[in-house]
Amino acid sequence: FTLFQIMTLDSWTAVARPIMRKQPGVAAFFVFFISVAVFVLMNLITAVIVENAFSISRDDEEEQARHKERQKEKEMNELTELFLDLDEDGSGELTKDEFDAATQHPKIRRKLQVLEFDLNELDELWNILDDGDGSLTVEEFAHGLRKMKGEAKSKDIMNCLKHMRMVDTHLTDLDSRVDTVEGQMSAMKDEVSGVHSDMGMLLRVCKRMQDTIQRAADAADKVKAQKKAAVHSTGAVGGPPA
């Protein structure tokens with residue numbers, strides 16, 4: 001018990017010092033015993049315990065990984081079976097018409113409920129899964145539904161934030177282009193206003209020219225009429241020759 005007390009360093013000096021007063025050489029024994037029992041043996045036992053804990057933890061993680069893989073395979077098989085039920089013509093691709101028709105069948109609706117999908121959001125479900133080509137392959141259908149079943153992960157949130165930043169960048173670029181177009185439209189409006197002013201001035205000049213020509217023509221006609229009248233008047237005064 002005394003050595004166990006010394007090994008735990010529980011008031012070991014109260015035991016060692018009285019003995020060392022009578023036998024000073026026993027100090028080397030205490031130093032050696034404490035070095036081996038405390039610093040080596042206890043650390044070795046601690047290391048073994050920690051290593052076993054890490055080993056158990058690794059085994060648990062591997063078992064959880066295997067369980068998740070089995071769960072994933074089970075879900076993929078269920079979703080693939082659901083896809084085959086929806087694909088009426090067996091083409092390997094699911095169209096919107098096939099999806100709408102199949103989701104009205106009670107059997108398909110029960111399967112969707114078992115997979116925890118809301119029957120009131122089937123149109124939204126198709127819009128989320130469809131990548132724009134109007135049809136779904138079995139991979140798109142199964143992987144898309146599987147991702148929708150789980151909770152949002154950090155990588156999914158980061159991916160969403162990445163796409164949002166890309167959209168924000170595109171919108172900023174679009175705003176810049178719209179500002180450029182607005183500037184060009186404003187400059188074009190100023191040019192059109194200038195052309196309109198020039199055309200107005202040109203019309204006024206043409207009007208003045210027309211008025212001037214008309215007045216000149218009227219004056220010429222008036223002079224011609226006066227000359228004709230003068231000729232007739234001269235002939236009437238002189239009379240016919242004798």
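**Group meeting: helices, core and surface of a predicted model**

Good morning. Along the sequence, the elements of this protein run in the order α-α-α-β-α-α-α-β-α-α. That makes eight helices and two strands, where helices (H or I, at least four residues) and strands (E, at least two) are DSSP runs numbered from the N terminus.

A word on the basis of these values. The model is predicted, so local features need pLDDT of at least 70 and side-chain atom pairs count only at pLDDT 80 or more, while totals for chains, interfaces and linings use all residues. Residues are numbered from 1 along each chain as its sequence is written, and side-chain values use heavy atoms, with hydrogens and water left out.

I begin with the overall figures. The accessible surface of the protein is about 19,100 Å², and 60% of it belongs to carbon and sulfur atoms; areas come from the Shrake-Rupley method with a 1.4 Å probe, and for residues only the protein chains shown count as cover. Of the 242 residues, 16% count as buried. Here buried means under 20% relative accessible area, exposed means over 50%, and partly exposed lies in between (1.4 Å probe, protein chains only). Among contacts between residues at least 6 apart in sequence, 51% join residues at least 24 apart, a contact being heavy atoms within 4.5 Å.

I turn now to the interior. In soluble globular proteins, nonpolar side chains tend to be buried together. A nonpolar core is defined as a set of buried Ala, Val, Leu, Ile, Met, Phe, Trp, Tyr and Cys residues joined through side-chain atoms within 4.5 Å. The largest such core has 14 residues, and those that touch the most other members are L86, L94, F99 and F141. At least two residues of this core come from each of α4 (96-102), α5 (106-114), α6 and α7 (138-149). The largest share, four residues, is that of α6.

Which residues are buried in α6? Within its span, residues 122-129, they are L122, L125, W126 and L129. These residues lie on the same side of α6, because they cover an arc of only 95° around the axis, the arc being that of the directions from the helix axis to the C-beta atoms. The face turned away from this buried side carries D123 and N127, both exposed.

Next, the surface. L41, M42, L44, I45, V48 and I49 make a nonpolar patch of about 520 Å². Patches are made of residues with over 30% relative accessible area and no salt bridge; like charges are joined within 9 Å, and nonpolar side chains (Val, Leu, Ile, Met, Phe, Trp, Tyr) within 5 Å. One member, L41, lies in helix α3, residues 26-86, and is partly exposed at 38% relative accessible area.

How many salt bridges does a search of the whole structure find? It finds two, on the criterion of a side-chain nitrogen of Lys or Arg within 4 Å of a carboxyl oxygen of Asp or Glu. One joins E51 to R58, with the closest N and O atoms 3.5 Å apart. E51 is partly exposed at 43% relative accessibility, and R58 is also partly exposed, at 41%. The other joins D173 and R177, at 3.1 Å from N to O. Both residues lie in helix α8 (residues 154-238), four residues apart, about one turn of the helix. D173 is partly exposed at 36%, whereas R177 is exposed at 55%.

Finally, M20 is in helix α2, residues 12-22. M20 is partly exposed, at 30% relative accessible area. Leaving aside neighbours within four places in sequence, M20 contacts V26, A27 and F30. M20 and F30 are ten residues apart in sequence, with 9.5 Å between their C-alpha atoms.
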